[in-house]
Amino acid sequence: RFECLLFTVAGLKLAVPLISLGAIYKIQNELTPLVGRATWFMGLYRHDDRNISVVDTAKLVMPDRWNEDVQDNYKFIIRLGGNNWGMACDAVHESIQLMPAQVKWRTQRSKRAWLSGTVIEHMCALLDVEALGSVLHEEATNKLGNFS
């Protein structure tokens, strides 16, 4: 049994295991853009003494549905694990408890390594935060940042 946090990005519901979360921040000030970064990199968000590298989650997980208006709806940043990567999102919903049998797990992870599977009852993607963090780290300076 494990707990997940549900959140939405551009109408898409996603789930992330609570054990993989570092923090949730309400976006209260502007991000600092950095040049020469991947297209999905939005900028740095300063919180206390920490700089969070913010990812445009919609551009990352569903580039075909992305448009510039998507960013206007971002209200929160979900920081991943113990690192300084954060995913921008529209809304943070409830925490749910899942049994492994309630997830349709992906067996092949060559494409979209960050996608663990689908939470059947909620019909949402379950993110693999460790894989996502690794890919973000590797692709951070790639200007194309192709995640598929």
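**Exercise 1. Which residue lies over the face of tryptophan 66, and at what distance from the ring centre?**

Solution. The model is a predicted one, in which local features need pLDDT of at least 70 and side-chain atom pairs count only at pLDDT 80 or more, while totals for chains, interfaces and linings use all residues. Residues are numbered from 1 along each chain as its sequence is written, and side-chain values use heavy atoms, with hydrogens and water left out.

Step 1. The criterion is that NZ of Lys or CZ of Arg is within 6 Å of the ring centre and within 35 degrees of the ring normal.

Step 2. Lysine 59 is the residue over the face of tryptophan 66, at 4.0 Å from the ring centre.

Step 3. Arginine 37 lies over the face of phenylalanine 41, 5.3 Å from the ring centre.

**Exercise 2. Describe the overall architecture of the protein.**

Solution. Step 1. Two helices and 11 strands are present; helices (H or I, at least four residues) and strands (E, at least two) are DSSP runs, numbered from the N terminus. Their order from the N terminus is β-β-β-β-β-α-β-β-β-β-β-β-α.

Step 2. The radius of gyration, taken over C-alpha atoms, is 15 Å, close to the 15 Å given for 148 residues by the globule rule (2.2 Å times the number of residues to the power 0.38), so the protein is as compact as a globular protein of that length.

Step 3. The C-alpha trace spans about 45 × 30 × 30 Å along its principal axes. Of the 148 residues, 45% are buried, where buried means under 20% relative accessible area, exposed over 50% and partly exposed in between (1.4 Å probe, protein chains only).

**Exercise 3. Characterise the aromatic pairs Tyr25–Tyr45 and Trp40–Trp85.**

Solution. Step 1. The structure holds four aromatic pairs. Rings of Phe, Tyr and Trp (its six-membered ring) pair if their centres lie within 6.5 Å; planes under 30 degrees apart count as stacked, over 60 as edge-to-face and the rest as tilted.

Step 2. The ring centres of tyrosine 25 and tyrosine 45 are 6.4 Å apart and the planes stand at 40 degrees, so this pair is tilted. Tyrosine 25 belongs to strand E3 (residues 21-26) and tyrosine 45 to strand E4 (residues 41-47), so the pair ties together parts that are 20 residues apart in sequence. Tyrosine 25 is buried at 8% relative accessibility, as is tyrosine 45 at 2%.

Step 3. For tryptophan 40 and tryptophan 85, the centres are 6.1 Å apart and the planes at 55 degrees, so this pair is also tilted. Tryptophan 40 sits in the loop between E3 and E4 and tryptophan 85 in strand E7 (residues 85-89), so the pair ties together parts that are 45 residues apart in sequence. Tryptophan 40 is buried, with a relative accessible area of 1%, and tryptophan 85 is buried at 10%.

Step 4. Trp40 and Trp85 form one aromatic cluster with Phe41.

**Exercise 4. How many disulfides does a search of the whole structure find?**

Solution. Step 1. A disulfide is a pair of cysteine sulfur atoms within 2.5 Å, and the search finds zero.

Step 2. For cysteine 89, the closest cysteine sulfur is in cysteine 124, 13 Å away and too far for a bond. Cysteine 89 is buried at 0% relative accessibility.

Step 3. For cysteine 124, the closest cysteine sulfur is in cysteine 4, at 7.8 Å, again too far for a bond. Cysteine 124 is buried at 2% relative accessibility.
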